[in-house]
Amino acid sequence: MSAIRTEKLSKYYGKRRGVVELDLEVHPGEVFGFLGPNGAGKTTTIRVLLDLIRPSSGQAWVLGQPVRGNARLRQRIGYLPGELSFYDGLTGWELFRYFGRLRDRLDTAYLKQLLERFDLDPSRKLRTLSKGNKQKVGLVQAFMHRPELLILDEPTAGLDPLLQIEFQKMVREVQWQGATVFLSSHVMGEVQALCDRVGIIREGRLVAVSAIGELAERSLRRVRIRFDEAINPKEWAQVPGLKDLRFEGDWLEATVQGSLDPLIKAAAQHRVRDFISQEPSLEEIFLTYYDSRSAA
Ligand SMILES: Nc1ncnc2c1ncn2[C@@H]1O[C@H](COP(=O)(O)OP(=O)(O)OP(=O)(O)O)[C@@H](O)[C@H]1O
């Protein structure tokens, strides 16, 4: 059983594209990052998964069940919306009690523990809270019933760095306890730190799904090699996968696409004194991927 599955899922708002023929699969127990620029279709996908909007065509399943008209599924999902403003007139407590009633479950001890972890005062009306504090309310309500699946739309938007770390700890804990986490994000560092796999969505279409490590392998990395002697530039022109070659005395610098192997084999013909390979950040990976797709 998949935690989330969509099949040829499309959503149009009139003529405007939301998402197009999305085939998505999230495995139970994984943390899956859903990445894409503004307007790519992340929120649209999430809203379909929660049955808040209906797709134009295609289907979606959550925890093995069709999402359509399946209100009971919501009790098993923790959802952090991008915007909580709908509940502005309530205090934190009122909101938590309201959700407790909706879900038929309120574990006050666990709730208090979450409030403490997120350093949140639940007695204030949501309207009076800063963006960061509102986000904390949203996170607490998403986690408080220990859901099997968490669907989080931009979970750390507005959180300070310490709370971002606390959030990451929470995600790891619930994953350890068996939950699945699906999160949309622009924050590459967070995705890199947390996610097992990522899906990249662009203009409504899923353009890549990959384990974080594999994504890194496919992308560019900057390499610097220092040799024991000055080197001859001509020798390197034929090495596959090298771009932007630069030579400075006994240093060679290059951008490598794909496998490092040809470069390492060529370098091994000489005495190597130093070798520096810079792991691409997810941001670079992302840009590389987008650039190569748009050039194609
Ligand atoms: N209610 C709506 N009516 C019309 N168009 C919409 C509506 N909601 C979304 N769209 C359009 O659908 C596309 C996908 O939007 P969506 O909000 O899903 O993207 P997103 O990836 O979540 O972006 P962001 O990161 O900015 O939240 C966009 O072109 C957007 O303008």
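I sorted the shell around the ligand by class: two residues are nonpolar, eight are polar and two are charged. The model I am reading is predicted.

I then listed the residues that surround the ligand: Y13, R16, G18, G36, N38, G39, A40, G41, K42, T43, T44 and G82. I checked which of them gives the most, and α1 does, with three residues.

Next entry, domains. I looked up the assignment, which gives domain 1 as 4–215 and domain 2 as 220–279. I took the distance between the centres of domain 1 and domain 2 over C-alpha atoms, and it is 44 Å.

Next entry, nonpolar cores. In soluble globular proteins, nonpolar side chains tend to be buried together, so I searched for such groups. The largest nonpolar core holds 57 residues. Inside this core, the residues with the most contacts are L49, V62, V140, L150, I151, V181 and F182.

I followed up on L49. With neighbours within four places in sequence left aside, L49 is in contact with I4, A60, V62, V67 and I151. V62 and I151 are also on the list of residues with the most contacts inside the largest core.

I found another core lying apart from the largest one. This other core has six residues, and among them I noted L220, L252, V256 and L263.

Note on methods: Residues are numbered from 1 along each chain as its sequence is written. This is a predicted model: local features need pLDDT of at least 70, side-chain atom pairs count only at pLDDT 80 or more; totals for chains, interfaces and linings use all residues. A residue is near a molecule or strand if its C-beta atom, placed from the backbone, lies within 6 Å of it. Helices (H or I, at least four residues) and strands (E, at least two) are DSSP runs, numbered from the N terminus. Ala, Val, Leu, Ile, Met, Phe, Trp, Tyr, Cys and Pro count as nonpolar, Asp, Glu, Lys and Arg as charged, and the others, Gly among them, as polar. Domain bounds come from an automatic or database domain assignment. A nonpolar core is a set of buried Ala, Val, Leu, Ile, Met, Phe, Trp, Tyr and Cys residues joined through C-beta atoms within 7 Å. A residue is buried if 20 or more other C-beta atoms lie within 10 Å of its own, exposed if 12 or fewer, and partly exposed in between; C-beta atoms are placed from the backbone. Two residues are in contact if their C-beta atoms, placed from the backbone, lie within 7 Å.
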